[in-house]
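Hello,

Here is the structure I promised to send over. Have a look at it first, and then read on for what turned up.

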Amino acid sequence: MTTEVDYRQLNGVALAYMGDAAYEVIIRRHLIAEGLAKPNHLQKTATHYVSAKAQAALINLMEQDEILSEDEWTMFKRGRNAKSYTHAKNTDVVTYRISTGFEALMGYLALSGKQDRVDQLSQWCIEQVEAGRTE
């Protein structure tokens, strides 16, 4: 039995949980398609796309390039401002919270059936990373 869920009402951390998975699958698929097959190399390369630092840089570029709608910014802010019970492991708290907002945005889009937009934003992110804009 499935229950209808209003994804606009979900906690930002719950959205981030889903968004992290949705975005990382796309990145892993991209890296495999690029011919990366060794797990250690895959993991090291993936961090350029999926680390908190990379995701925070990508959100800043999204703001700079004005590619998100008002609704998408609202979902980002929900995730960024959510109280998290986990601690940043390899980054500062501000960067970690911004990356949580990035993941919440992706989670909201994925859960609300907007996979085309997840794919579009993910492709844009891949292009930014590969162009060196996140460094």
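Let me start with His30, which is buried at a relative accessible area of 14% (buried means under 20% relative accessible area, exposed over 50%, partly exposed in between, with a 1.4 Å probe and protein chains only). His30 sits in helix α1, residues 12-33 (helices are DSSP runs of H or I with at least four residues, numbered from the N terminus). If neighbours within four places in sequence are set aside, His30 is in contact with Tyr49, Ile126 and Glu130 (contact means heavy atoms within 4.5 Å).

A word on the basis of all this: it is a predicted model, where local features need pLDDT of at least 70 and side-chain atom pairs count only at pLDDT 80 or more, while totals for chains, interfaces and linings use all residues. Residues are numbered from 1 along each chain as its sequence is written, and side-chain values use heavy atoms, with hydrogens and water left out.

Helix α1 also holds Asp20. The UniProt annotation "active site", from an unreviewed entry, covers Asp20; such annotations may be inferred rather than shown by experiment, and their positions are given in the numbering used here, with feature names shortened. Asp20 counts as partly exposed, at 29% relative accessibility.

Next, a helix pair. The axes of α2 (residues 39-50) and α3 (residues 52-65) come within 6 Å and cross at roughly 35 degrees (axes are lines fitted to C-alpha atoms over the stretch in contact, and angles run from 0 to 180 degrees between N-to-C directions). On the α2 side the contact is made by Thr47, His48, Tyr49 and Val50, and on the α3 side by Ala52, Ala54, Gln55 and Leu58.

Then there is helix α6, residues 115-130, whose 16 residues reach 22 Å from first C-alpha to last, close to the 22 Å expected at 1.5 Å a residue (the expected span is 1.5 Å times one less than the number of residues). Which residues of α6 are buried? They are Arg117, Val118, Leu121, Ser122, Trp124, Cys125, Ile126, Gln128 and Val129. Their cover includes α1, α2, α3, α4 and α5. Just after α6, Gly132 takes a positive phi of about 80 degrees.

Finally, Lys89 lies in the loop between α4 (70-81) and α5 (93-111). Lys89 is exposed, with a relative accessible area of 73%. Lys89 and Lys53 are 36 residues apart in sequence and 12 Å apart in space, C-alpha to C-alpha.

Note on methods. Helix = DSSP H or I, 4+ residues; strand = E, 2+ residues; numbered from the N terminus.
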